[in-house]
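I opened a new page in my notebook to record what I looked up in this structure. I wanted to go from the overall layout to single residues, and then to the open space in the fold.

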Amino acid sequence: MVGRSALLKVIILGDSGVGKTSLMNQYVNKRFSNQYKATIGADFLTKSVDVEDQQVTIQLWDTAGQERFQSLGVAFYRGADCCVLVFDVNSSKSFQALESWRDEFLIQASPNDPEEFPFVVLGNKVDVDESKRQVSQKRAMTWCQAKGNLPYFETSAKEAINVEQAFQSVAVKALQQGHEDSLFADTPYGVDLEPHEMQAPGCNC
Ligand code: GDP
Ligand code: MG
């Protein structure tokens with residue numbers, strides 16, 4: 001498998017307005033805009049990252065505003081290697097919705113081992129004045145622990161707080177999961193499904 005880079009599918013879920021598109025845009029393009037519309041006009045953004053000495057391409061799937069109608073469709077969920085659950089720390093309602101977003105994901109994506117599927121939880125908009133905060137770190141962490149010790153990060157897409165760290169954790173989790181599922185498991189050793197990649201520099205085949 002030397003010279004082959006993994007393609008990992010990551011999907012971002014959470015109520016409309018919590019900052020999903022902004023987080024992706026901050027992570028991939030290092031930009032933030034207050035005028036963000038519901039969609040970025042694309043189904044996904046990609047970014048190449050190094051994880052444990054391996055180069056991986058992360059495909060981040062955004063909801064393009066459809067989360068309001070819960071009509072994301074099975075194709076959106078299928079084959080996901082990690083699911084990022086986002087809420088706004090200034091909205092208790094968006095935090096309470098995490099449970100149904102998680103359930104919805106597990107029903108639609110139907111991963112092999114639902115109990116072990118990697119989720120990462122982000123409490124976004126921590127730059128907003130403390131007096132507006134509705135969900136404490138403790139409350140969020142308690143939920144994450146109850147759901148199987150899910151990693152939790154407090155982020156700000158606006159101020160670029162913890163965004164890099166959160167998505168690095170996502171990449172690590174996705175890569176671990178990618179090794180478990182069909183991406184690698186069904187490929188006999190030495191058989192490359194993408195022959196053009198055999199010519200990549202550094203390939204020692
Ligand atoms: P989405 O519907 O979950 O994709 O949310 P958006 O990314 O469209 O963001 C919704 C609104 O929240 C926009 O006005 C953003 O500018 C704003 N927003 C997103 N992230 C942050 C953040 O970290 N801090 C603050 N203060 N505002 C944010
Ligand atoms: Mg959006």
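The entries below follow the order in which I looked things up.

**Entry 1: the overall layout.** I noted at the outset that this is a predicted model. I counted through the secondary structure and found seven helices and six strands, which run from the N terminus in the order β-α-β-β-α-β-α-α-β-α-β-α-α. Of the 205 residues, 46% count as buried. I also looked up contacts between residues at least 6 apart in sequence, and 73% of these join residues that are at least 24 apart.

I then followed strand 3 (residues 54–61) to its partners. With strand 1 it pairs in the parallel sense over six bridges, and here Leu8 has Ile58 of strand 3 as its bridge partner. With strand 2 the pairing is antiparallel and runs over eight bridges, and here Val49 has Val56 of strand 3 as its bridge partner. Two residues lie between the strands in the hairpin of strand 2 and strand 3, where Glu52 takes a positive phi near 45 degrees.

**Entry 2: the two faces of strand 2.** Which residues of strand 2 are on its covered face, and which on its uncovered one? I listed Leu45, Lys47, Val49 and Val51 as covered, and Phe44, Thr46, Ser48 and Asp50 as uncovered. I wrote beside this that side chains in a regular strand alternate between the two faces of the sheet.

Asp43 is placed in the loop between helix 1 (20–29) and strand 2. Leaving aside its neighbours within four places in sequence, I found Asp43 in contact with Leu60, Trp61 and Asp62. The C-alpha atoms of Asp43 and Gln59 are separated by 9.7 Å, although the two residues are 16 apart along the chain.

Entry 3: Why do I call helix 1 largely enclosed by the rest of the structure? I do so because nine of its 10 residues are buried, which here requires a relative accessible area under 20%. Among the buried residues of helix 1 are Lys20, Asn25 and Gln26, as well as Leu23, Met24 and Val28. Their cover includes strand 1, strand 2, strand 3, strand 4, strand 5 and helix 6. After helix 1 comes Lys30, with a positive phi near 55 degrees.

**Entry 4: the largest pocket.** Of its 35 lining residues, Ala80, Asp81, Phe117, Pro118 and Gln177 are the closest to its centre. Strand 1 (6–13), helix 4 (98–109), helix 6 (163–180) and helix 7 (182–185) each supply at least two residues of the lining. By type, I recorded the lining as 14 nonpolar, 10 polar and 11 charged residues.

Conventions. Residues numbered from 1 in each chain as written. Chains lettered and ligands numbered in written order. Predicted model: local features only at pLDDT ≥ 70, side-chain atom pairs only at ≥ 80, totals over all residues. Heavy atoms only, no water. 1 Å grid on protein atoms, 1.4 Å probe; cavity = no way out; pocket = protein on both sides within 12 Å on 5 of 7 lines; lining within 4 Å. Helix = DSSP H or I, 4+ residues; strand = E, 2+ residues; numbered from the N terminus. Nonpolar A, V, L, I, M, F, W, Y, C, P; charged D, E, K, R; others polar. Pairing = 2+ DSSP bridges. Buried < 20%, exposed > 50% of the residue type's maximum accessible area, 1.4 Å probe, protein only. Contact = heavy atoms within 4.5 Å.
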